[in-house]
Structures are given as C-alpha cells and as structure tokens.
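Good morning, and thank you for joining this group meeting. Please look at the structure on the screen while I guide you through a few of its details.

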Amino acid sequence: MGRVNILAGFSLVAAALGAATADAGFRTPESLIRNVYAHYGRGSAEYSNGLPRDEETARRFFDPTLRGAWTALDDAPYDFLVQSPTWRLGPISIAIPRRQFDKTDVTVTFDNEGRAVTLNFIVVNGPDGWVISDVESQHDSLRTFLTQFRR
C-alpha cells in the first residue's frame with residue numbers, strides 16, 4: 001500500500017509540474033509559432049489584433065530577456081511579426097533548418113496582403129517550455145526593433 005501512495009504522490013507532482021509548464025512557453029517550436037500567428041487571424045477581437053503586449057502574453061511567448069521590451073513597445077510604425085502595420089495572412093509555412101539541444105531556428109514564411117514574408121525565429125527551450133529568444137527579418141531583428149521603439 002505504501003508503494004501505491006508513493007507512486008500516486010509522484011504522479012501528482014509530475015502532473016502539477018506539467019500544468020505549471022503549460023502556463024508559460026509551449027511544448028514544441030511549431031506549437032509556439034502557430035500560437036503566435038493565431039493572433040493574426042480574422043475572427044474574435046482577442047485573436048485579430050496581433051500578439052498582445054501585456055505581461056501574461058510576454059511571459060508565455062518570450063524569454064525573460066525579451067519580455068520587458070515586448071511590453072514596453074510604443075508607437076512602432078508596423079508589427080514586426082508580420083512586417084506591416086496591417087495584415088491579411090495567407091497560409092503559414094514552418095521549417096526547422098537547425099536544432100541545437102535547447103535552441104532551435106524556425107523559418108516562417110507567409111504571404112501578407114500579396115507580399116511574401118520570411119522570418120527566422122530563434123526559440124529556446126527553458127524551464128517553462130519553448131519561448132522566443134529573437135526574430136530576424138531580412139533587415140532587422142526583433143530585439144533591435146523593440147529597442148528603437150521602447151517607451
């Protein structure tokens with residue numbers, strides 16, 4: 001009977017840790033990217049205005065070094081994640097050209113209002129799951145962009 005209680009205790013702890021991990025970060029790099037772009041659809045107001053700039057969203061999607069910059073963004077001329085102030089996205093293609101232990105590059109391509117966009121997401125797997133460390137466009141990076149337009 002003692003072993004059953006110990007195993008049940010371990011299962012309960014594992015379930016609690018799994019639930020805590022689900023609150024921040026994502027299980028796979030692909031899941032992270034799909035959840036980012038779910039905010040750029042045409043549907044409910046919550047999922048049509050781009051990725052929100054609140055603390056909870058920053059905690060779920062970005063590594064600790066990028067969270068403050070994401071929430072402090074002010075007066076940016078366009079949304080970096082779609083490379084435009086407006087969007088009507090076509091299908092999103094996700095490719096993983098390189099995996100290195102807890103760091104993965106994810107190439108994302110899509111059509112935004114007739115213009116092809118390619119971004120390279122650098123995602124890391126930390127204690128909370130997969131989160132964004134940086135995003136690179138052809139001309140800039142998200143970190144640099146956020147620094148330019150910080151409040």
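The side chain of threonine 71 comes within 3.1 Å of the backbone oxygen of glycine 68. Please bear in mind throughout that this is a predicted model. Threonine 71 belongs to helix α4. Is threonine 71 buried or exposed? Its relative accessible area is 14%, and because buried means under 20%, threonine 71 counts as buried. If we set aside the neighbours within four places in sequence, threonine 71 is in contact with Arg53, Asp54, Glu55, Ala58 and Arg151.

Arginine 53 lies over the face of tryptophan 70, at 3.7 Å from the ring centre. How many aromatic pairs does a search of the whole structure find? The search finds nine. Among them, phenylalanine 62 and tryptophan 70 form a tilted pair, with 4.7 Å from centre to centre and 35° between the planes. Phenylalanine 62 and tryptophan 70 are both buried.

A further tilted pair consists of tyrosine 78 and phenylalanine 145, at 5.0 Å centre to centre and with 50° between the planes. This pair links distant parts of the chain, 67 residues apart: tyrosine 78 is in the loop between α4 and β1, whereas phenylalanine 145 is in helix α5, residues 142–148. Tyrosine 78 counts as partly exposed, at 27% relative accessibility, while phenylalanine 145 is buried, with a relative accessible area of 1%. There is also an aromatic cluster, formed by Tyr37, Tyr40, Trp87, Phe110 and Phe121.

Let us return to the loop between α4 and β1. Aspartate 75 is located there, and its phi is near 60°, a positive value in a residue other than glycine. Glutamine 83 lies in the loop between α4 and β1 as well, and glutamine 83 has a positive phi of about 60° although it is not a glycine.

Finally, I turn to two strands. Strand β3, residues 115–126, pairs with β4 in the antiparallel sense over seven bridges. The two strands form a hairpin, with two residues between them. Within this pairing, isoleucine 122 has aspartate 134 in β4 as its bridge partner. Strand β4, residues 129–136, is mostly covered, as seven of its eight residues are buried.

Key: Residues are numbered from 1 along each chain as its sequence is written. This is a predicted model: local features need pLDDT of at least 70, side-chain atom pairs count only at pLDDT 80 or more; totals for chains, interfaces and linings use all residues. Side-chain values use heavy atoms; hydrogens and water are left out. Helices (H or I, at least four residues) and strands (E, at least two) are DSSP runs, numbered from the N terminus. Buried means under 20% relative accessible area, exposed over 50%, partly exposed in between (1.4 Å probe, protein chains only). Two strands pair if DSSP finds at least two bridges between them. A polar contact is a pair of N or O atoms within 3.5 Å; within protein, one must be able to donate a hydrogen and the other to accept it, and residues adjacent in sequence count only if both atoms are side-chain atoms. Contact means heavy atoms within 4.5 Å. Rings of Phe, Tyr and Trp (its six-membered ring) pair if their centres lie within 6.5 Å; planes under 30 degrees apart count as stacked, over 60 as edge-to-face and the rest as tilted. A charge sits over a ring if NZ of Lys or CZ of Arg is within 6 Å of the ring centre and within 35 degrees of the ring normal.
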